[in-house]
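Could you have a look at this structure with me? I have written my notes as numbered points, so that you can follow them with the model open beside you.

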Amino acid sequence: MSASTTETARKLMIEVRGLRKSFGSNEVLQGIDAEVAEGEVVCVIGPSGSGKSTFLRCLNKLEDISGGTVVVDGFDLTDPKVDINDVRRHIGMVFQHFNLFPHMTVAENVMLAPVELKKASKAEGREKAMELLTRVGLAEKANARPAALSGGQKQRVAIARALAMNPGIMLFDEATSALDPEMVGEVLQVIRDLANSGMTLVLVTHEMGFAREVGDRVIFMADGVVCEEGTPEQLFNDPQQERTKEFLSKVL
Amino acid sequence: MVAAFLAVASLLFGATGAAADTSASGSGNSAVEGKTFVIGTDTTFAPFEFRNADGELTGIDMDIVRAVAEDQGFKVEIRSLGFNAALQALTSNQVDGVIAGMSITDERKEVYDFSEPYFESGVQMAVAKGNDDIKGYEDLKGKTVTAKTGAEGETYAKSIAKKYDFKVKSLDQSASMYELVKSGNAVAVFDDYPVLAYGIAQNNGLKTVTDKVPGGSYGFAVNKGKNADLLAAFNDGLAKLKADGEYDKILDKYLGDPTAAQPTSFWELLESSLPALLKGLKNTMVVTGISFVVAMIIGLAAGFMKIARNIIVRGISTTFVNVFRGTPLLLWAFMFYFGIPQLTGLPINIWVAAVLTLSLNSGAYVAEIVRGGIQSVDPGQMEASRSLGLGYGKSMQKVVVPQAFKMMTPSLINQLIIMLKDSSLLLAIGFAELLYQGQQIYAANFRVTETLFIVGVIYFVAVMLLTKLANFADRRFNK
Ligand SMILES: Nc1ncnc2c1ncn2[C@@H]1O[C@H](COP(=O)(O)OP(=O)(O)O)[C@@H](O)[C@H]1O
Ligand SMILES: [Mg+2]
């Protein structure tokens, strides 16, 4: 991977400084620092409950930020003057449980944002949706309802939907965890294609093999802090921290 | 000037009728000429007021007030509200006068101004036709009798209840009282003798067993200190009717020789009552339809307010829901139609009162349905929409609400049907809906069971059709 050599020259897409997040008195994120450069693929791993989802959801402000700063694509999310809806159009998000809109067809799911946000006419929106659905291999399901799709197909539609506004960044929160094993491959393939296309990706994942394969960098989180980070080779082959070793010994 | 003088004179001398003789002789009375007065009356007090086979309000009171109006040159708009409702409407200035076979009593004189008596009444007791056990008051020991709430019959029955050891159960309508007696839930009824006489002539299944107790006199009433011109005109007109024999003709028409009505078949009853009932059905449907639209608007607003972040907004909505869910519909019907006008001094249209009553009550339930529907949508739906860059409002509109509505539809259809049936409670304020029309019919012909049966079938069919229509719309729009 060439990431490490050119990283400094590349534009920073995400810059997180001292990020804190509490739910009531429970401080779930206790000062996170992280950077993601343009075109970089960063995988976030760690034990369940360590705050990975919360971290990811702070990156598009689905969670209110309790402290620190998060700058995404040049927008400071903690600045009250920044219109969060504008920022979110630059960030696609894919959820563990797909969250497709059941009352719309597959194509309508994909074209909702461009049409409602006046970025495209209905016809253009549909054309764009068909293009994206072709890209994830589901053009023939355009007029189906989500309920008629398999889990893998649903997640591929969700990815197409997240891509509809041409975001510069895509966030994946355990995109394959809710899938039957035989469907994991088809979704990983779509993500792999995205990674190869040069898109900036942040992946929360339990697929260690996949993280090693596509990741430029891996962040290991534990108990609301970044415990260790590095290239996949460094982190998986030569972990420095006890917590990392312990976690990897359980999942590898 | 004359008008002003009449008004002042009547005000000063109350219902003495002193002013009557001073008005110009001959037809017409300058103080009231050309004016229209709203007159409240009972729904069901044959032969004083009842609906004839054509559904027109008729009877002694009606004939007298119309004849007086014609003589004095004013117009009347009759509102048949029910006895108590008519009096409340008078107190709240919803009507200008009341003629409802009402006895002139000292208590009533404190709040109303009465005309000269236009009818000398009296109370009589009646029992079921087949009852040979009750021959006099002595036979009432330990039994229950019925009488009309607030009427002279009730006063008399209560005055002798201790002595003869019986209980009095008061009801609102003569027809209901007769049914109570025929069903055996009361052994006798105390009612005004002309009413009883007329009912018996109509084959109401009763017979009188005691002599008439000479009683009070009936008078026409206006609110205390109001409408003195109208009162004076009534007295003047009444004096003329009595002088020229018209008055006796009217009484003869209803009491002189009541011809026993030929019992007609069920089908004839159906045929003759259907037009009036369908008119009632139309009012039921229209008031339900309008109220449902208003309830949806109120309910949507209150439902969204219930899930608002702002605690004050939430509090307002919660209070609204709790108040209207925690109080009876009927209370609000009385409140809007009688209470608020008395507080504000502004009369309220009965349709407005009816729609307010139904829609605020239903609105509270719709609010809960809306809140429940929205909260039952997976929060992930809102998150997915927000993460695409759609605002809160757009996300609600495009993603959450359509799904919520799908879940809400069965409950909303249910609410609509409840509302349709609840609208029958509006009869208590004299709103001419279906059941009210049914009451009007059996009040005149005393065929309670058959009439209620017809009304029930109409309600049932209407509800079935509405359910089918709503389910069809549901399938159509909530694919
Ligand atoms: N909405 C919430 N309210 C309260 N606590 C939450 C909420 N979301 C997450 N948490 C808590 O925050 C911690 C981290 O959760 P999460 O970010 O989902 O972890 P991970 O994705 O690494 O499994 C957990 O202890 C969880 O219970
Ligand atoms: Mg998680």
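1. **Before we start.** This is a predicted model, in which local features need pLDDT of at least 70 and side-chain atom pairs count only at pLDDT 80 or more, while totals for chains, interfaces and linings use all residues. Residues are numbered from 1 along each chain as its sequence is written, chains are lettered from A and ligands numbered from 1 in the order in which they are written, and side-chain values use heavy atoms, with hydrogens and water left out.

2. **Chain B as a whole.** Chain B has 17 helices and 13 strands. Helices (H or I, at least four residues) and strands (E, at least two) are DSSP runs, numbered from the N terminus. The C-alpha trace of chain B spans about 90 × 65 × 45 Å along its principal axes. Of the 479 residues in chain B, 53% are buried. Here buried means under 20% relative accessible area, exposed means over 50%, and partly exposed is in between (1.4 Å probe, protein chains only).

3. **Around ligand 1.** Which residues surround ligand 1? They are A:Phe23, A:Val28, A:Pro47, A:Ser48, A:Gly49, A:Ser50, A:Gly51, A:Lys52, A:Ser53 and A:Thr54. A residue is near a molecule if one of its heavy atoms lies within 4 Å of it. By class, the shell has three nonpolar, six polar and one charged residues; Ala, Val, Leu, Ile, Met, Phe, Trp, Tyr, Cys and Pro count as nonpolar, Asp, Glu, Lys and Arg as charged, and the others, Gly among them, as polar. Helix α2 (residues 52-59) of chain A gives the most to this shell, with three residues.

4. **Contacts with the ligand oxygens.** A polar side-chain atom of A:Ser53 lies 2.7 Å from an oxygen atom of ligand 1. For A:Gly51, a backbone N or O atom is 3.0 Å from an oxygen atom of ligand 1, and for A:Ser50 the distance from a backbone N or O atom to a ligand oxygen is 3.3 Å. Ligand 1 taken alone exposes 560 Å², and the protein buries 58% of that. Accessible areas come from the Shrake-Rupley method with a 1.4 Å probe.

5. **Two backbone angles to check.** Most residues other than glycine have a negative phi. A:Lys118 has a positive phi, near 60°, and sits in the loop between α4 and α5 (122-135) of chain A. A:Glu174 also has a positive phi, of about 45°, and its place is the loop between β7 (169-173) and α7 (181-196) of chain A. Are these two residues buried or exposed? A:Lys118 is exposed because its relative accessible area is 66%, whereas A:Glu174 counts as buried because its value is 12%.

6. **Salt bridges.** Side chains of opposite charge can pair when their charged atoms come close. A salt bridge here is a side-chain nitrogen of Lys or Arg within 4 Å of a carboxyl oxygen of Asp or Glu, and the structure holds 29 of them over all chains. One of them joins B:Asp42 and B:Lys148, at 3.4 Å from N to O. B:Asp42 is in the loop between β1 (36-41) and β2 (50-51) of chain B and B:Lys148 in strand β8 (residues 144-148), 106 residues apart. B:Asp42 counts as buried at 1% relative accessibility, and B:Lys148 counts as buried at 4%.

7. **A bridge between two helices.** B:Asp71 forms a salt bridge with B:Lys240, with the closest N and O atoms 3.6 Å apart. B:Asp71 lies in helix α2 (residues 60-72) of chain B and B:Lys240 in helix α8 (residues 228-243), so the pair ties together parts that are 169 residues apart in sequence. B:Asp71 is buried, at 17%, while B:Lys240 is partly exposed, at 21%.

8. B:Phe453, B:Val457, B:Phe460, B:Val461, B:Met464 and B:Leu465 make a nonpolar surface patch of about 590 Å². Patches are made of residues with over 30% relative accessible area and no salt bridge; like charges are joined within 9 Å, and nonpolar side chains (Val, Leu, Ile, Met, Phe, Trp, Tyr) within 5 Å. B:Met464 is found in helix α17 (residues 448-477) of chain B and counts as partly exposed because its relative accessibility is 38%.

How values were computed
A polar contact is a pair of N or O atoms within 3.5 Å; within protein, one must be able to donate a hydrogen and the other to accept it, and residues adjacent in sequence count only if both atoms are side-chain atoms.
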